[in-house]
Amino acid sequence: IKVRSDQPRFLARMQYLAAARERQAIRLNKPRLHVASDLILLEMAADPPASVEQIKAIKTLSPSNELAKLLFEALQEADAIPDELCPRRERKEQRTNILLVELL
């Protein structure tokens with residue numbers, strides 16, 4: 001899943017949500033995007049729902065009670081881990097072409 005945020009807590013939520021979706025997709029023998037879209041997971045990681053009912057109310061998701069509970073539990077687990085254990089995203093150093101810079 002392509003993310004644009006470098007915030008460790010957001011990345012932890014995405015990691016846990018993606019893992020929960022993957023487990024559910026395997027259990028149901030369905031493609032992961034039929035369980036929940038990447039966009040839904042990104043929105044949930046950025047602005048986590050406060051309850052299972054809020055997840056069930058997402059119209060574009062239409063989750064079962066089981067999926068809503070799994071996603072909510074994944075968010076709770078991600079928020080429970082200490083900040084120092086949250087994943088970090090390393091920035092790639094931009095390599096500049098010295099000749100191009102000199103030409104410009």
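1. Asparagine 29 is found in the loop between H1 and H2; helices here are DSSP runs of H or I with at least four residues, numbered from the N terminus. Asparagine 29 is exposed, with a relative accessible area of 71% (exposed means over 50%, buried under 20%, and partly exposed in between, with a 1.4 Å probe and protein chains only). Although asparagine 29 is not a glycine, its phi is positive, about 55 degrees.

2. On provenance, this is a predicted model in which local features need pLDDT of at least 70 and side-chain atom pairs count only at pLDDT 80 or more, while totals for chains, interfaces and linings use all residues. Residues are numbered from 1 along each chain as its sequence is written, and side-chain values use heavy atoms, with hydrogens and water left out.

3. Lysine 30 also lies in the loop between H1 and helix H2 (32-35). Its relative accessible area of 45% makes lysine 30 partly exposed. Along the chain, lysine 30 and isoleucine 98 are 68 residues apart, and their C-alpha atoms are separated by 49 Å.

4. How do H1 and H5 pack? Helix H1 (residues 8-28) packs with H5 at an angle of about 150 degrees, and the axes are 8 Å apart. Axes are lines fitted to C-alpha atoms, for helices over the stretch in contact, and angles run from 0 to 180 degrees between N-to-C directions. H1 and H5 are therefore roughly antiparallel to each other (angles over 145 degrees count as roughly antiparallel, under 35 as roughly parallel, 65 to 115 as roughly perpendicular, and the rest as oblique). H1 passes H5 in a right-handed crossing, that is, the near helix is turned clockwise from the far one by less than a right angle, anticlockwise being left-handed.

5. In this pairing, the H1 residues Arg9, Ala12, Arg13, Tyr16, Leu17, Ala20, Gln24 and Arg27 meet H5 residues including Glu66, Leu67, Leu70, Leu71 and Ala74; contact means heavy atoms within 4.5 Å. By class, the contact of H1 with H5 has eleven nonpolar, one polar and six charged residues. Ala, Val, Leu, Ile, Met, Phe, Trp, Tyr, Cys and Pro count as nonpolar, Asp, Glu, Lys and Arg as charged, and the others, Gly among them, as polar.

6. Glutamate 66 is found in helix H5 (residues 65-80) and counts as partly exposed at 38% relative accessibility. Leaving aside residues up to four places away in sequence, glutamate 66 touches Gln24 and Arg27. With arginine 27 there is a side-chain to side-chain polar contact of 2.7 Å (a pair of N or O atoms within 3.5 Å; within protein, one must be able to donate a hydrogen and the other to accept it, and residues adjacent in sequence count only if both atoms are side-chain atoms).

7. H1 and helix H3 (residues 38-46) pack at an angle of about 140 degrees, with their axes 9 Å apart. The two helices are therefore oblique to each other, and H1 passes H3 in a right-handed crossing. Phe10, Arg13, Met14, Leu17, Ala18 and Arg21 of H1 make the contact with H3 residues, among them Asp38, Leu41 and Leu42.
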